[in-house]
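Take a look at the model below.

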Amino acid sequence: FPSHDSQSSVQQRQEVMARQLPIVKVVFPSDLKGCKPGEIPANLLRAIEGKGKLHHLAADCYEAMDAAANAEGIDLSPTSQADTYRSLETQEYGFYQRYTDTPNKKQMKQKPKVYKGKAWYLKSPKLAPMAVPGTSMHNYGLAIDIANASGKRLDWLLANAQRFGFSWELQSEPWHLRMVCGDQVPDAVKEWLANKPAEDNA
């Protein structure tokens, strides 16, 4: 996962300032009940085209959305394998890379994040923030970060993401989408599943 705000992510944030991202509350799939974030059983995850894994229903929604985007000349892919499902260890690794529990005076001006009873401060304003381990939708396999979510690609997502069960979480992160529909997979996804070639359904 990218550890800093690249030029493209800064551009993406600037684009979003001019528009509003729809934010819908996540409804969890019923088979995640009792699962610990970052410790999702392998049988509930599925590899997606490109790289990484998602909860099997989120994978269906994403691949249906990707196919629809491809049909209109838009390519969707995750920014990295770690920007799909993240184990707790992966989330912790990223978190410890970006945050410190021994801040200097400048860092102490921030509002800290609390993890394992300690206050953690972002090491540099150039680093992209990251959720506390165990609190990210990536830890449930429901979130995916879309590479280069700007321009025509972002326009397409704004027009279509909700049709495939996805919504945004933060106005400042146009690349970060979460599946929000729980067990109620949208009709557009059901239609795609019904029309998949037999070998893809194997």
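A residue is called buried under 20% relative accessible area, exposed over 50%, and partly exposed in between, with a 1.4 Å probe and protein chains only. By that scale D101, at 30% relative accessibility, is partly exposed. This is a predicted model, in which local features need pLDDT of at least 70, side-chain atom pairs count only at pLDDT 80 or more, and totals for chains, interfaces and linings use all residues. Residues are numbered from 1 along each chain as its sequence is written, and side-chain values use heavy atoms, with hydrogens and water left out.

Start with the sheet. Helices (H or I, at least four residues) and strands (E, at least two) are DSSP runs, numbered from the N terminus. Two strands pair if DSSP finds at least two bridges between them. Three strands form an open antiparallel sheet in the order β3-β5-β4. The edges belong to β3 and β4, each with a single partner strand, so one side of each has no neighbour in the sheet. In general, strands of a sheet pair through backbone hydrogen bonds, either parallel or antiparallel.

Strand β3 covers residues 99-100 and pairs with β5, residues 118-122, over two bridges. Y99 has L122 as its bridge partner in β5. T100 stands opposite Y121. β4 and β5 form a hairpin with two residues between them. In that turn, K116 has a positive phi of about 55°.

Next comes helix α3, residues 88-98. Which of its residues are buried? They are L88, Q91, E92, G94, F95 and R98. Seen down the axis of α3, these buried residues fall within an arc of 165°, so they line one face of the helix. The arc is that of the directions from the helix axis to the C-beta atoms. E89 and Y93 are exposed on the other side of α3. What covers the buried residues? The cover includes β3, β4 and β5, where contact means heavy atoms within 4.5 Å.

Turn to the charged pairs. A salt bridge is a side-chain nitrogen of Lys or Arg within 4 Å of a carboxyl oxygen of Asp or Glu. The count comes to seven salt bridges. One of them joins the side chains of D101 and K118, at 3.1 Å from N to O. D101 lies in the loop between β3 and β4, and K118 in strand β5, so the pair ties together parts that are 17 residues apart in sequence. K118 is partly exposed, with a relative accessible area of 42%.

D83 and R86 form a salt bridge with the closest N and O atoms 2.8 Å apart. Both D83 and R86 are buried. The side chains of E169 and R178 meet at 3.8 Å, N to O. E169 is partly exposed at 32% relative accessibility, while R178 is buried at 5%. R46, D60 and E63 are linked in a network of salt bridges.

E173 is found in the loop between β7 (166-168) and β8 (176-179). At 13% relative accessibility, E173 counts as buried. Leaving aside neighbours within four places in sequence, E173 is in contact with L21 and W168.

Finally, the nonpolar cores. A nonpolar core is a set of buried Ala, Val, Leu, Ile, Met, Phe, Trp, Tyr and Cys residues joined through side-chain atoms within 4.5 Å. The largest core has 43 residues, of which Y62, M65, L76, W156, F164 and F166 touch the most other members. The elements that give two or more residues to this core are α2 (56-71), β6 (143-145), α4 (151-160), β7, β8 and α5 (187-194). The largest share, nine residues, comes from α2. Not counting residues up to four places away in sequence, F166 touches, among others, A58, C61, Y62, M65, I144, L177 and M179. A second, separate core of eight residues includes F95, Y99, W120 and L127. F95 is one of the buried residues of α3, and Y99 is the bridge partner of L122. In soluble globular proteins, nonpolar side chains tend to be buried together.
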